Protein chains: 2
Amino acid sequence: MKPTVHDIARSAGVSLATVDRVLNGRPGVRSVTREKVEQAIVALGYVRDLAAANLAKGRTYSFCFVLPANDNSFMIRLREEVEDAIRRSAPERARIEIVEVPAFDAAALVTALDAIRDQGADGVALVAVDAPEVRAAVERLTQAGIAVVTLVSDLGASSRDHYAGIDNSAAGRTAANLMGRFLSKVDGRVAILAGSMLVRDHRERLEGFLSVLGEEFPRVAILPVIEARDDPALVETMVREALRRHPDIAGIYSLGAGNRGLIRVLKEKGTASRPVVIAHELTASTREALQGDLIDAVLNQDPGHEVRSAIRVLKAKADGLPVLAAQERIRIDIFLKDNLP
Amino acid sequence: MKPTVHDIARSAGVSLATVDRVLNGRPGVRSVTREKVEQAIVALGYVRDLAAANLAKGRTYSFCFVLPANDNSFMIRLREEVEDAIRRSAPERARIEIVEVPAFDAAALVTALDAIRDQGADGVALVAVDAPEVRAAVERLTQAGIAVVTLVSDLGASSRDHYAGIDNSAAGRTAANLMGRFLSKVDGRVAILAGSMLVRDHRERLEGFLSVLGEEFPRVAILPVIEARDDPALVETMVREALRRHPDIAGIYSLGAGNRGLIRVLKEKGTASRPVVIAHELTASTREALQGDLIDAVLNQDPGHEVRSAIRVLKAKADGLPVLAAQERIRIDIFLKDNLP
DNA sequence: CTGAAAGCGCTTACAG
DNA sequence: CTGAAAGCGCTTACAG
C-alpha cells in the first residue's frame with residue numbers, strides 16, 4: 001500500500017498536524033522534530049496525494065483570460081476554446097473568467113490587468129501587446145503572487161511565468177524554407193502581408209522569414225511589408241493593389257490574420273495563375289482555400305492546445321508544481337491539403 | 001457554493017447512500033425515490049467531484065503497455081516515455097506496467113494480451129500487429145471489460161476503444177506532396193524504404209504516398225519497395241545496393257525506422273549529390289541529418305504525446321467518461337531544419 | 001512547538 | 001428498499 005500521512009505520523013512518532021506542517025514547509029516545528037518527520041518521509045517513500053490535499057483545502061482555482069476583442073477567425077476560435085474550458089472546469093474546482101479588451105491597445109490591456117490584480121486571482125493568461133507598460137503591469141501581477149501566462153503572443157524580457165504559444169521566429173523561417181522550395185523560379189518576387197508590427201508574434205515571423213530567405217534563397221526579391229491590421233477588407237484592398245503594381249509577384253507570405261480578404265483576391269486570379277501562397281492559422285476559409293488549391297501551405301497553432309496548456313500551467317504554478325516542458329511545448333502545425341485534420 | 005451530495009440528500013429528503021445509488025445508477029431504489037433525487041440533481045445543477053469520488057473509492061487504475069522489443073530509436077523513446085509516465089503515476093493512483101514482446105510477432109502479442117486478461121487490468125495499450133488473431137485477442141480483452149487503446153499502429157476493424165497515433169495514410173500523402181515539390185526535376189525516380197508490410201502504419205503510409213504521387217506527380221517513377229525490417233544495418237546494405245543499381249535515384253522516402261543506416265549512406269554521397277530525402281520520426285540521428293542537410297524533411301509523431309494521450313483515454317474509459325477528441329488527436333509533425341524543437 | 005478532532009465530497013459495508 | 005456511520009488522504013482551526 002502507498003504510505004499516507006498516518007504512516008509517517010506513526011513512524012515518526014508525531015501527530016498528523018506536525019506531518020502536515022513539515023510536508024507543507026510551514027513554520028513552528030522544532031528542527032529535531034522536522035528531521036524525524038523528513039526521515040520518515042524518505043524512508044517510507046511517501047508521495048502526497050494532491051487530489052486529497054486539494055479536497056481538504058477546499059481549494060478552487062480562479063483564473064482570468066484577457067483576450068483581444070478581435071473578430072478574426074483565430075481569435076474567435078481562441079475565445080470558444082476558453083469557453084469550452086469554462087464549461088469543463090466546473091467539476092475541476094476552477095473558476096475561469098474571460099475579460100475582453102480592444103485589440104492592439106496597450107493602455108486598455110494595462111487597465112484590465114490592474115483591475116484583475118485588485119480583484120485578486122490565482123492566475124492570468126493574456127494575449128500580450130509587446131509594450132513596456134504591459135511589461136510593467138505583468139510585473140505588478142507576478143509581484144502580487146499571481147501567475148502569468150502569455151498566450152499566442154509573448155512579452156519580451158518580462159516576468160511572465162510561461163508562454164503558451166509557438167516559436168514565431170521558427171514559424172517564419174519554416175515559411176521561408178517552404179516558400180523558397182515551392183517557388184518554381186529561383187528569382188521570383190515575394191510579398192509579405194502582416195497584421196501589425198506592434199505584436200511580437202508578427203514581428204518575429206517577419207524576422208525569421210526574412211533571415212532564411214536572405215540566406216538560403218538570395219535571388220528572391222522581397223517587396224515592402226503590407227500592414228493590414230488583420231482586417232479582411234483592408235487585406236483585400238491592399239493585396240489587390242500590390243498585385244496590380246507588381247504583376248510578377250511569385251509568392252505571398254501572409255503572416256497575420258484576415259486571410260478571407262486575401263483568398264477573395266486569389267480566387268479571382270484562379271488556381272493556375274496565382275502566386276505560391278503560405279498563410280497562418282487553419283480556419284474555415286484557409287482550410288477551404290487549401291483544399292481548393294488557392295493556398296499551398298498553412299502554418300497553424302492549435303488554439304485548443306494553447307488554452308488547455310495555459311490552464312494546466314496556471315494550475316501547476318498555483319500548486320507550486322513544476323510544468324512538464326515537453327507536454328506544454330506548442331507545436332507549429334504545417335498543413336498541406338494532404339494532412340488536414 | 002457548488003452543491004454536494006449533502007445538498008441533494010437534504011433537498012430530496014433522502015440519505016446520502018440513496019443519493020449515491022442514484023448517482024451511480026446502482027439498483028435497489030424505488031422509482032419514486034429515484035425520481036425525487038434526479039429532480040434535485042438537475043434543480044441544484046449538481047456535478048460530481050470525481051477526485052473526491054475516486055478518493056473515497058480508493059480507486060487505483062491498473063494499466064498495461066505492451067511494447068515491441070524493438071531497438072530502434074523510436075521504440076526506445078516510446079518505452080522511455082512510458083517509464084516517465086510510470087514515475088509520474090504514483091501520485092495519481094495509477095499502476096502502469098510494461099510488457100515487452102518480440103517485434104512483428106502476432107503470436108507472441110496474442111499470448112501477452114491473453115495473460116493480461118487473465119491477470120486482470122483496467123486498460124491495455126498496445127502497438128498492434130495487424131493480424132486476425134490479434135484482433136481476436138483484443139476482442140477478448142474488451143469483452144472482459146478491459147479498455148484497449150492501440151498505440152502508434154492501429155488494428156483494422158477491431159473492437160479497440162481508441163487509437164493513439166497519427167493518420168498514417170495522411171502522413172504518406174503529405175510525404176508525397178513534399179517529395180513532388182522538392183524534386184528539382186519533374187521526372188526523377190523515387191525509392192521507398194519500409195520496415196515491414198505486416199504493420200498497418202507502414203502499409204498505410206505507402207498507400208498514401210503512392211496515391212498522391214501517382215495523381216499529382218505522374219511523371220515521377222517509383223522503384224520497388226525496399227523492406228528492411230527497421231534494422232539500420234540491413235537498411236544500409238539495401239540502400240547502398242539500390243543506389244548502385246539506380247544511380248539516378250532523385251528521391252528517397254523512408255517510411256519506417258532504422259534511418260541510421262540510411263544516413264550513413266547519405267553521408268558518403270555528400271550534401272550536394274544526395275537525393276531528396278524524407279523520413280519519419282525525429283530521433284538523434286534524423287535530427288542531426290536534418291541540421292546537416294542530409295535529409296530534407298522529417299515527419300514525426302510525438303511518442304510523449306501518444307503515451308500521455310493513451311493514459312488519459314484509458315483513464316476516461318475506466319471512469320466511463322467521454323474523451324475529448326480534439327485533445328487526443330495525435331498530429332503529424334513536419335520538421336524542416338528551421339522548426340526543430 | 002505539538003496534538004486531538006472535525007471536515008473536504010464522496011462511497012461502502014452493515015443494519016434494519 | 002433505505003439510512004446512519006465510518007472512512008478515503010489530507011488540512012485546519014483550536015487548545016494546550
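**The DNA-facing surface**

H4(A) supplies the largest share of the surface near DNA strand D, with four residues. Near means that a heavy atom of the residue lies within 4 Å of the strand. Helices are DSSP runs of H or I, at least four residues, numbered from the N terminus.

Some ground rules. This is a predicted model, where local features need pLDDT of at least 70, side-chain atom pairs count only at pLDDT 80 or more, and totals for chains, interfaces and linings use all residues. Residues are numbered from 1 along each chain as its sequence is written, chains are lettered from A and ligands numbered from 1 in the order written, and side-chain values use heavy atoms, with hydrogens and water left out.

What do the protein-facing atoms of DNA strand D belong to? Of those within 4 Å of the protein, 68% are sugar or phosphate, and the rest are bases.

Now the phosphate oxygens. A polar backbone atom of A:Val5 sits 2.6 Å from one. For a polar backbone atom of B:Ser15, the distance is 2.9 Å. B:Thr18 places a polar side-chain atom 3.0 Å from a phosphate oxygen.

Last, symmetry. Chain A superposes on chain B by a rotation of 180° with 0.1 Å of shift along the axis, RMSD 0.1 Å. That is the relation of a two-fold axis.

Terms used: Least-squares fit on C-alpha atoms with pLDDT ≥ 70 in both. Polar contact = N/O pair within 3.5 Å; in protein donor to acceptor, adjacent residues only side chain to side chain. Helix = DSSP H or I, 4+ residues; strand = E, 2+ residues; numbered from the N terminus.
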